[in-house]
Number of protein chains: 2
Amino acid sequence: MKLLHHIPTAEDIRVTHEFIRPMIHRTPVLTCRSIDEMAGAQLFFKCENFQKVGAFKMRGASSAALRLSDEEKERGLATHSSGNHAQAVALSARLLGIPAYIVMPDTSPAIKKAATKGYGAEVILCENTLAARESTLEKVVARTGATFIHPYNDYNVIAGQATAAKELIEDTEHLGCIIAPIGGGGLMSGTALSARYFSPGTLAYGAEPEAVDDAYRSFKSGAMQENTSIDTIADGLRTNLGEKTFDIIRRELEDIFTVSEPAIVAAMRLVWERMKIVIEPSCAVPLAAVLANPGVFEGKKVGVILTGGNVDLGRLPF
Amino acid sequence: MKLLHHIPTAEDIRVTHEFIRPMIHRTPVLTCRSIDEMAGAQLFFKCENFQKVGAFKMRGASSAALRLSDEEKERGLATHSSGNHAQAVALSARLLGIPAYIVMPDTSPAIKKAATKGYGAEVILCENTLAARESTLEKVVARTGATFIHPYNDYNVIAGQATAAKELIEDTEHLGCIIAPIGGGGLMSGTALSARYFSPGTLAYGAEPEAVDDAYRSFKSGAMQENTSIDTIADGLRTNLGEKTFDIIRRELEDIFTVSEPAIVAAMRLVWERMKIVIEPSCAVPLAAVLANPGVFEGKKVGVILTGGNVDLGRLPF
């Protein structure tokens, strides 16, 4: 595979899927009759909470890692993240037998630092500001020659994230629409591209917490907006869009819905109680949007990407 | 199918499985590499938390209900339970289009009463003592002519519960052993019978909380013992064995292990965190036993029955 410098084509996503297959799980698609009754729709949940490292991020990280040259691979992977992307980069490196350097805020939970080290990565701590993360990462890259794997604003990562929707489409017939949460927009971009390529006619929707609605405002205004707060329980969605992801989202999405914090917690609880699976708050945002917009989704077959299951059980919202 | 008045044979269990198939889910068998590493064994988890009503109880209740005569069916099903068996009897009746009468302690959580009524059952409240439950049930049966479905001490129920292990054996090759929790012993009896019939050489083990170790003491002493306390988080396992289940367990089990309360909570948390699935405390008891007894399980292929996923998310132990 070669590094992508363009919006991934259908063929790019197909090739990506073949290459990353040994590094990911093909996750199951679950259904739940009682949630269907509440939604008045048929929902097909793509369970990326069962993915390696517990989140879809493994797809994008492995896609980007596999595209590096042998020489680049040898020097290793680097990123800054306190979340699922950190572990995905660390595990990708481990599976390829190459080094990983992960910059994490020193305020990250001990369990996340330990998990990342557990995958064999070198964890470099820094202050909890974006500036500190970026400058620390720069130094790490200068020292090691490792390649920075961006969590979302990268066509190689987007091609990897697209494979979740590709599998969902392959495993489900005639989806009327497909919905994913929007943080940095990598998953959403890939999801929309896969819908267009592999199931034309399937509409792509995005869902976002009201509190961090940069994608909603960007989509509606046509110009990139930034979040003014990060005050949401959906900690995976606090990020702003990148130019690459905004460009795809602007053109490929049918619409974006925002949902309230109580609606996110209620949808999360519903999935835990009815489906008996553990999902993280970010993951519940699309279901909250489906339940809040019956006019859009009623009577449809709806694909819902459940993005991850990494929650701190000591700090649950119920 | 006819009512069973003997220990279910292999053929009885096969026939039961065919007949209840439309009333149950064939639940998946999941594996988890990180838990395998901790156990030093290969574990195959039979996920009855994904069963209808969220627990294996649906197998036994539907097996017993289907065996009634048309006339008996018309008069309906009755039981006393505040747990998963109540909902299983209620749903079995609903699927057969017959009435269900469920006696529940008035102290039962509102959510459980509502869930049982939601399946169309008539809920009759009584005081929270065994005597009150039994006398209230007697009156209900006298008034309605409904048939009492015992939660475990009934060969028809045992034949139903046996189908979980039968499926696990069909979906997994060469299990060295299989382990289930013991409450009243219905699931354990069925599990041990299926192991003997459908996978000779697979050893059957039981697991019990230390605090309610009646089965352990009964097994070791050869005479039925009773629990002196019900002080365990594993609320599904507080029951004493019945004569029918003790008779099977005494003859079919290789051994019974007891585990501490902290070990139960730790095993439950491990499954939530690593497997991203919701299990109830009773469900974690066999895994706790496997982790505590490496001398027995290391290097083996171990089938573990995960019994249910009905937990009150507002009262988690972590």
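Two strands pair if DSSP finds at least two bridges between them. Helices (H or I, at least four residues) and strands (E, at least two) are DSSP runs, numbered from the N terminus. The views below show a predicted model, in which local features need pLDDT of at least 70, side-chain atom pairs count only at pLDDT 80 or more, and totals for chains, interfaces and linings use all residues. Residues are numbered from 1 along each chain as its sequence is written, chains are lettered from A and ligands numbered from 1 in the order in which they are written, and side-chain values use heavy atoms, with hydrogens and water left out.

**View 1. The open sheet of chain B.**
In chain B, 6 strands form an open sheet with mixed pairing. Their order is 1-2-10-7-8-9. Strand 1 (29-30) and strand 9 (255-259) of chain B each have a single partner strand, so one side of each has no neighbour in the sheet. Strand 8 (residues 203-209) of chain B runs parallel to strand 9 of chain B, with 5 bridges between them. One bridge links B:G206 to B:I256 in strand 9 of chain B.

**View 2. The open sheet of chain A.**
How confident is the predictor in chain A? Mean pLDDT (the predictor's confidence in each residue, from 0 to 100) is 96 for chain A, and 100% of its residues reach 70 or more. Chain A has an open, mixed sheet of 6 strands in the order 1-2-10-7-8-9. Its edges are strand 1 (29-30) and strand 9 (255-259) of chain A; each has a single partner strand, so one side is left without a neighbour in the sheet.

**View 3. Strands 8 and 9 of chain A, with helix 10.**
Strand 8 (residues 203-209) and strand 9 of chain A are parallel and joined by 5 bridges. A:P209 has A:V259, in strand 9 of chain A, as its bridge partner. Helix 10 (residues 214-221) of chain A lies across both strands. It runs at about 145 degrees to strand 9 of chain A. Axes are lines fitted to C-alpha atoms, for helices over the stretch in contact (heavy atoms within 4.5 Å), and angles run from 0 to 180 degrees between N-to-C directions.

**View 4. The interface of chain A and chain B.**
The model scores ipTM 0.91 and pTM 0.93. In contact are 19 residues of chain A and 19 residues of chain B. Buried area (the accessible area, 1.4 Å probe, that two parts lose on being put together, summed over both) is about 1,500 Å² here, with 63% from carbon and sulfur atoms. In chain A, A:K276, A:V278 and A:L313 lose the most area to chain B, together 42% of what that side buries. Helix 12 (residues 261-275) of chain A gives the largest share of the side that touches chain B, 4 residues.
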